[in-house]
Amino acid sequence: MSAGRRGPDPREEQVRRMLDGPHPALPPDLAAGAVRRGGRRMRLRRAAHRTAGWLLAVVLAALLVWVGIEQPWATEPAQVTPPLEGW
């Protein structure tokens, strides 16, 4: 026997026996319930994405209005005029 190859793995044999054995009966409405739950989940996800998109658009619009009114890039006018000397 080579060093890399050993005998059959007992866990693998156990899994094979489990898969070859009788399978449990599934409920007749399993597929219909899965479709119903999947549809509900898809509708909720779509609604969440739409809500997030609208919220992002409202935040962006508010930001643009604020930037247009406040103009944060402009420097504030000086409150005190420097003294006029040397004329």
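Visitor: What relative accessibility does Arg16 have, and what does it count as?
Guide: Arg16 has a relative accessibility of 46% and counts as partly exposed, the class between buried, under 20% relative accessible area, and exposed, over 50%, with a 1.4 Å probe and protein chains only. This is a predicted model, in which local features need pLDDT of at least 70 and side-chain atom pairs count only at pLDDT 80 or more, while totals for chains, interfaces and linings use all residues. Residues are numbered from 1 along each chain as its sequence is written, and side-chain values use heavy atoms, with hydrogens and water left out.

Visitor: Which residue does Arg16 meet in a salt bridge?
Guide: The partner is Glu12, at 2.8 Å from N to O; a salt bridge here needs a side-chain nitrogen of Lys or Arg within 4 Å of a carboxyl oxygen of Asp or Glu. Glu12 is also partly exposed, at 39% relative accessibility.

Visitor: How many residues apart are they in helix α1?
Guide: They are 4 residues apart in helix α1, residues 10-20, which means that about one helical turn separates Arg16 and Glu12. Helices are DSSP runs of H or I with at least four residues, and strands are E runs of at least two, numbered from the N terminus.

Visitor: How many salt bridges does the structure hold?
Guide: The structure holds 2, and one of them joins the side chains of Asp9 and Arg11 at 3.9 Å, N to O. Asp9 is partly exposed at 31%, whereas Arg11 counts as exposed at 61%.

Visitor: Changing topic, which residues form the positive surface patch?
Guide: That patch consists of Arg36, Arg37, Arg40, Arg43, Arg46 and Arg50. Patches take residues with over 30% relative accessible area and no salt bridge, joining like charges within 9 Å and nonpolar side chains (Val, Leu, Ile, Met, Phe, Trp, Tyr) within 5 Å. Arg46 lies in helix α2, residues 30-70, and is partly exposed at 41%.

Visitor: And which residues form the nonpolar one?
Guide: Leu60, Leu63, Leu64 and Trp66 form it, with about 420 Å² of accessible area together, computed by the Shrake-Rupley method with a 1.4 Å probe. Leu63 is found in helix α2 and is partly exposed, with a relative accessible area of 44%.

Visitor: What is the phi of Gln71?
Guide: Gln71 has a positive phi of about 45°, although it is not a glycine. Most residues other than glycine have a negative phi. Gln71 sits in the segment after α2 and is partly exposed, at 39% relative accessibility.

Notes: Lys, Arg positive; Asp, Glu negative; His and termini not counted. Charge placed at Lys NZ, Arg CZ, Asp CG, Glu CD.
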